[in-house]
Amino acid sequence: MPRIAQHLCAWAARAPKTSFRGIVIVIAAVVIGIASSALSIGFREAIGSIQYLGYGFADEDSWRLFAELPWYVLLTVPTLGGLIVGLYIRWVMPGGRPVGVAQVMEASALRSGRMSMRDGLHGAVVNFFSLGVGASAGREGPVVHLGATVGAKVADMLGLPSSGARVLLGCGVAAAVAAAFNAPLAGVFFALEVVIGHYAIGALAPIVAASVVATAVTRAVYGPYPAFQLAPFEIGSNLEFPAFAILGVGAAAVAILFMRSVLFVEKVHDRLHIPCWVRPALGGFLVGVIALGFPQVMGVGYGATSSILTMDFELAFLVGLAIAKTAATAITLGSGFGGGIFSPSLFLGAAIGGAFGYIAGMIAPGVLAPNSDIFAGEGAYALVGMGAFAAATLGAPISTILMVFEITTDYAMTTAVMIAVVASVATVNSLQGASYFRGQLARRGIDVDRSRIEADLLRDIQVGGVISSAYSTTLPEACLRDVRLQLQTAAFGELFVVSAERRLIGTITLADLAPEAFERELDTLIVARDVARLHPPMLAAEDSLQDALGLMESRSEAHIPVVRNRENREIIGVVHERDVMLAYNQALVRLHREEGAAF
């Protein structure tokens, strides 16, 4: 892989910018799609392996197997598993925490799409072990983080600027979601909606490629089956649409309680001064206690969600199950276990929707019509509730709607989901103002929307607007003695090796001369070309300041040469980091003035 990346980088350096973006990024997206889906499959199998060691079975879909376990197993395994998770985080990830979608959003908004592979792998271990021992959470968020880490790693290997790095980050996210749900459309729009934050054409093609490839790989392993089993249902009448809107509002209200319950558990731990490494063990014990009455809360919960959608449970049990799952998931995440909220959101939404459907079925014949033909059935309401709750917690209405459509391929049900999703998202925005992920970031002082606005400022300013002529050059045939003398007076201690035709060949700093710098006998034997860094990082005049900052960060360069275009590499100036930051600060001042004038 590194050798392939080197060849692609060398070719990209010689290729036109449009060719680079049109071919290299798409090829990279395909590679990311394959790698992310393979890691998603491996993550899923790792959960099964840990679960087999702890409980004696690896079927994550069957809650009935948990119900058959002795009580002491349900208490012991998650408790000991939580202790191992706590110690792992304490000693292997000092200062670390379980990772998920929020960290991916942060990387996209604040770190130019850069992520640590080491943190990603350690986070994956924490997450699959947590889910394997029965933590009540989802595997989609951790898989999204793992896929994003792959995308960031490929972008780093290719030396892409920040704009390209964000696209490949999105490719990893789309591939992970598509692999998790067998839903390529949902993967594409989740990446664009939640992580990238826009629907630019340049990002769409590679993200679609990654999502489609990941879906194909996953289907080759697990088959073309949807994530959940569904009961047959259809919309009985348009008179039900107001009921779906009411369900959306109700789902949003419960979603707000769910999101706040996670924070409540964290605060309780803090107030009791419980050591961080002990918290997962305590949380695991409490989840085990809940599982004694409601074994459906254990693990990822796909099997239990399917049972709800096929209406295997009665009304009273659904209400109790929703309360138990909310408590189990809040304890899991608030105690420091790894895992995500996607699966719990679908579970809870289905339970709430199913309960609402039972009540609507009791009311419908007497209120809405003289017969029950207008009633779609409890299973339909469970599906609609699933979409409404997930959209409210994830802050991803479009991708949630598309995921439901890909599961059902039913336009009428998708319309019902759209109504409920709009109502739920509007309610959450009015009462709380942030989804689960955005709330996590907000508590750390991060506003991704603001960060994206500021990133747009950088994208709007071209490098040509801050170019400087304060740089020093030397010819490739200059002898070592002359190079040494020129470096003594060179601007910012760096020489650009430029041919007689002004073509950039390389760069030289004092560090590049070592150990030849002070060997006088080499003064006439070595020339500038011999000691220069060939194929140095460079910018084209039409590149944005965002590209410049991303390249400076990834290559640890404070001064980067600017060429007229990447084909002829004719040097026309240099961009200094201080000038980029000055232009950025000036743009921010203008933005603040405009916002002040608007209000």
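Trainee: Which residues is Thr-149 in contact with, leaving aside its neighbours within four places in sequence?
Mentor: In this predicted model, Thr-149 is in contact with Met-115, Ser-116, Met-117 and Gly-120. Contact means heavy atoms within 4.5 Å.

Trainee: Where is the place of Thr-149?
Mentor: Thr-149 belongs to helix H7, residues 140-158. Helices (H or I, at least four residues) and strands (E, at least two) are DSSP runs, numbered from the N terminus. The protein has 25 helices and seven strands.

Trainee: Does Thr-149 count as buried or exposed, and why?
Mentor: Thr-149 counts as buried because its relative accessibility is 1%. Buried means under 20% relative accessible area, exposed over 50%, and partly exposed in between (1.4 Å probe, protein chains only). Of the 599 residues of the protein, 57% count as buried.

Trainee: What lies 2.8 Å from a polar atom of the Thr-149 side chain?
Mentor: That is the backbone oxygen of His-145.

Trainee: On another topic, what is the mean pLDDT of the protein?
Mentor: The mean is 82, and 84% of the residues reach 70 or more. pLDDT is the predictor's confidence in each residue, from 0 to 100. Over residues 1-8 the pLDDT is below 50, and this stretch has seven contacts in the model beyond near neighbours in sequence. Where pLDDT is low, the predicted coordinates should not be read in detail.

Trainee: Which rules apply to the numbering and the values?
Mentor: Residues are numbered from 1 along each chain as its sequence is written. Local features need pLDDT of at least 70, side-chain atom pairs count only at pLDDT 80 or more, totals for chains, interfaces and linings use all residues, and side-chain values use heavy atoms, with hydrogens and water left out.

Definitions and conventions: Polar contact = N/O pair within 3.5 Å; in protein donor to acceptor, adjacent residues only side chain to side chain.
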